[in-house]
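Here is a short note to read beside the model. Please keep the sequence and the structure open while going through the points.

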Amino acid sequence: MRSPTISRWYWLLRSHRPSQLLWRAWRLIERKLPMSYWRRKCRGGGSPAVRADAADLKTFVSTQRQNHTSLAETRGDGGVSLMFLGLSRTMALPVDWRCETIESVPHLWRFHLHDQQWLRDLPPEARWKWVLDWIEANRLTDRRELSDAWHPFCISRRVVAWMLLWVESPPSEQQDVILASLARQVMFLSRHLEWDLRGNHLLFNLWALGIAAAFFDGPVGDRALAVVRRHLPSQLKEQILPSGEHFERSPMYHAEMLEVVTDLTVAMVLVGSEAGVSCSTGDADMDRALRAILHPDGEIPLLGDSAFDGVPVSAYKLGMGGLRDNAKERFVESLKHGDYWTFTSSTAPLDGISEDFRNFIARRFGGDFLLFDTGPVGADELPAHAHCDLLGLEASIGGKRFLVDSGVFDYEDSEMRMFCRSTFAHNVLQIDDVDQCDVWSRFRMGYRGWPMSANHGMTADGFHWCRATHNAYRRIGVREVGRLVACREDGLWMIVDWTGRSRGQHRLTSRLHLHPDTVIGHVDDRSARVTVAERTLLITGHGPGRLVLEQGWYCPRFGERHENTILSWRTDNIHLPAAIGWLIQPVSTTPAALEIDAAPPVRVIVHHQGRSHAI
C-alpha cells in the first residue's frame with residue numbers, strides 16, 4: 001500500500017490535465033520574475049474609451065445584484081465597517097490594503113476586500129475615493145500585490161464592480177486615471193487567465209472580460225472580446241453538464257456560475273457576438289437545474305463547498321400572490337434531475353402552473369422535501385470544493401430544514417475545514433471510521449470513490465424510491481456500498497444502507513445530522529423522537545447496532561457555526577455483507593416496522609397497518 005505522501009502525489013498528477021500541471025509549474029516560475037515583467041502585462045490599452053451604449057449595462061445592476069447582502073456600513077468618522085465571512089473590520093482612508101495593521105483576517109477576507117463588491121453599499125459620492133485610494137496603493141511595485149490586489153480572481157470581480165458603478169454614477173473627477181487603471185487591469189487579466197485552476201475561476205475571468213467588451217471601445221474592448229470568443233464556448237461545454245449542473249457540483253458555485261452566464265448572455269448580445277447563443281442555452285439549463293434542488297425555504301442545499309448568502313438566489317423566493325387564490329390540491333412527486341433525486345409532498349395551488357414549475361412551486365408552500373445526491377463528489381480534475389459526501393441527502397419537513405449537511409465554515413487550513421469535508425460531517429454511511437475520500441490541505445483530494453449505479457421508480461403501494469451505489473471503500477476491501485431512499489405521501493420515509501461482501505469484520509456508522517432548531521425528545525438505544533415544524537417524528541434505527549447521539553457543527557454561512565445533534569446508528573465489528581437503516585414516520589400514524597434482507601440483492605419490506613410492502 002502506498003504511503004499517504006506518495007498516494008497524494010499520485011492523485012494530484014492523475015486528477016489534473018497535463019496542461020494544468022504545466023500552467024502550475026509556469027505560475028511558480030513567474031513568481032520569481034521581476035516586477036517589470038508583470039507591469040508589461042498591463043500594456044496595450046492605449047487611450048481607453050467607454051462605449052456609447054455602455055449605459056445598457058445598468059441591466060446587470062437592476063436585475064442581477066440588487067439582492068446581494070449588504071457588506072459595508074458607513075461610519076460617522078468617514079470610515080466603513082466591512083463584514084466578510086462573519087468577520088467585521090473597520091477601514092478608513094488611506095486604506096491598509098494589505099491588512100497589516102488590523103486584526104488578523106483570513107486570505108479569503110482579503111480577497112473580498114480587494115474585489116470591492118462592497119463599494120455598491122457606499123454613498124455614490126464616497127465610492128470613487130476608495131477606488132482612487134486603491135489605484136494609488138496598488139501599482140504593481142511589490143510582489144505581495146500579486147497575491148491579493150492583482151490576483152486574477154480579484155481583478156475579475158473588481159473591474160466588474162467598477163464598470164457597473166461607472167454606468168450607474170460616473171466619477172466627477174479623475175475619470176482618466178480610473179479608466180486607465182481599469183484598462184490596465186483588463187489587459188492584465190486577458191493575459192493571465194487562471195488556466196492553472198480552471199473551473200469557476202476561469203469562468204469568472206471570462207465573465208469580467210465579457211462585460212469589459214461591452215464597456216470599453218477600442219483596443220481594450222477588442223482584446224477582451226477576442227479572448228471571450230476564443231475560450232467561452234469550450235468552457236461552457238466543459239463546465240455545464242448535460243443536466244445543466246455546474247461540473248464542480250457545489251450548489252453555491254452553480255448559482256454563482258448561473259449569474260455569470262446570465263451576465264455574459266446580455267454582454268454578448270450588446271456587442272453582437274455569436275457567443276451569446278451558447279450562453280443563452282447554458283443559462284436556461286442551469287436555471288432549471290437550480291430550481292430542481294432548492295429547499296422550501298428558497299435556499300440551496302449545502303452540498304460540497306456551499307453556504308447561504310454567497311449568491312443572490314432570492315430571485316427564486318417567489319412572491320406567490322395570485323397563486324394563493326387558486327384551488328389547492330395534494331401534490332406528490334419524485335424527480336431525477338441529473339445527479340439528484342428529489343421527493344416532494346405538499347398541498348399547493350397548482351391550477352394553471354406549467355409542468356416545468358409544478359415541483360418547484362409545490363415545495364414553496366411548506367411541503368416535505370428530500371434531496372438524494374447520487375453523483376460524484378466533484379469534478380475529477382478539480383476536486384477543490386468536493387467533500388466526502390457520496391450518496392448524501394438533505395431534507396425539509398413542513399418547509400423547515402430537517403436533515404442538514406454541515407456546509408462550509410472557512411477556506412483556511414483549519415480543523416473546521418477538515419471537519420466540514422470529512423465523511424463524519426455528512427448524512428452518509430461510514431465504514432471503519434475511514435473517510436470516503438482522502439482530503440488534505442485546503443483544496444486537495446487524493447484517493448476518492450465514484451458512483452457506480454443509480455435507478456429510481458415508484459411502487460404500487462405509493463412508495464417513491466431511488467437506489468444508488470458507490471465504490472469509495474474498495475481500498476479497505478469493501479467493493480460496493482449502496483443506499484436505498486424511499487418516501488411515501490403519508491410521511492413514511494426510509495433510508496437503508498448496505499455493503500457488499502468483504503473479508504474480516506468491519507464497523508458501520510450511518511449518520512443523520514439534525515438542524516439545530518430540531519427539538520430532541522425521548523431517546524433510547526433504538527429510536528428518538530424529534531420535533532420539526534411543529535410535527536413530531538419517530539426515527540428508528542434497524543439492523544444490527546445501536547443509536548448513539550453525537551455532536552456536530554452546522555455551518556450555513558462562512559464564519560458561522562452552530563452545534564447540532566447527530567443521530568448515529570453504529571454497529572460493532574460485524575461480518576459483511578450487512579445492511580442497516582432508518583425508518584422515519586409521524587408519531588400520529590400507526591407505527592411501522594422495517595425488515596431488511598442483507599443478502600444480495602438487498603430487499604426491504606415495510607410492515608404497516610397489517611400490510612407488507614416490498615421495495
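1. Leaving aside its neighbours within four places in sequence, which residues is Phe215 in contact with? In this predicted model, the residues touching Phe215 are Ala49, Val50, Arg51, Ala54, Leu57, Met163, Trp166, Val167, Leu179 and Leu182.

2. Phe215 belongs to the largest nonpolar core, which has 106 residues. Together with Trp118 and Phe216, Phe215 touches the most other members. The most residues in this core, 12, come from helix α9, which spans residues 199-215. Another core lies apart from it and holds 38 residues, including Trp341, Phe343, Cys466 and Leu547. As background, nonpolar side chains in soluble globular proteins tend to be buried together.

3. An open sheet is built from four strands, ordered β11-β18-β23-β22, with antiparallel pairing. β11 (429-431) and β22 (546-557) are at the edges and have a single partner strand each, so one side of each has no neighbour in the sheet. From one strand to the next, the twist averages 35 degrees.

4. The partner β23 covers residues 560-570 and runs antiparallel to β22, with 10 bridges joining the two. Within this pair, Val548 is opposite Ser568 of β23.

5. The count of disulfides is zero. For Cys154, the nearest cysteine sulfur belongs to Cys99 and is 11 Å away. Cys437 is also in no disulfide: the sulfur of Cys388, the nearest one, lies 4.5 Å away, whereas a disulfide needs sulfur atoms within 2.5 Å. Cys154 is buried, at 1% relative accessible area, and Cys437 counts as buried at 1% relative accessibility.

Note on methods
Residues numbered from 1 in each chain as written. Predicted model: local features only at pLDDT ≥ 70, side-chain atom pairs only at ≥ 80, totals over all residues. Heavy atoms only, no water. Pairing = 2+ DSSP bridges. Axes fitted to C-alpha atoms, helices over the stretch in contact; angles between N-to-C directions. Core = buried A, V, L, I, M, F, W, Y, C linked by side-chain atoms within 4.5 Å. Buried < 20%, exposed > 50% of the residue type's maximum accessible area, 1.4 Å probe, protein only. Contact = heavy atoms within 4.5 Å.
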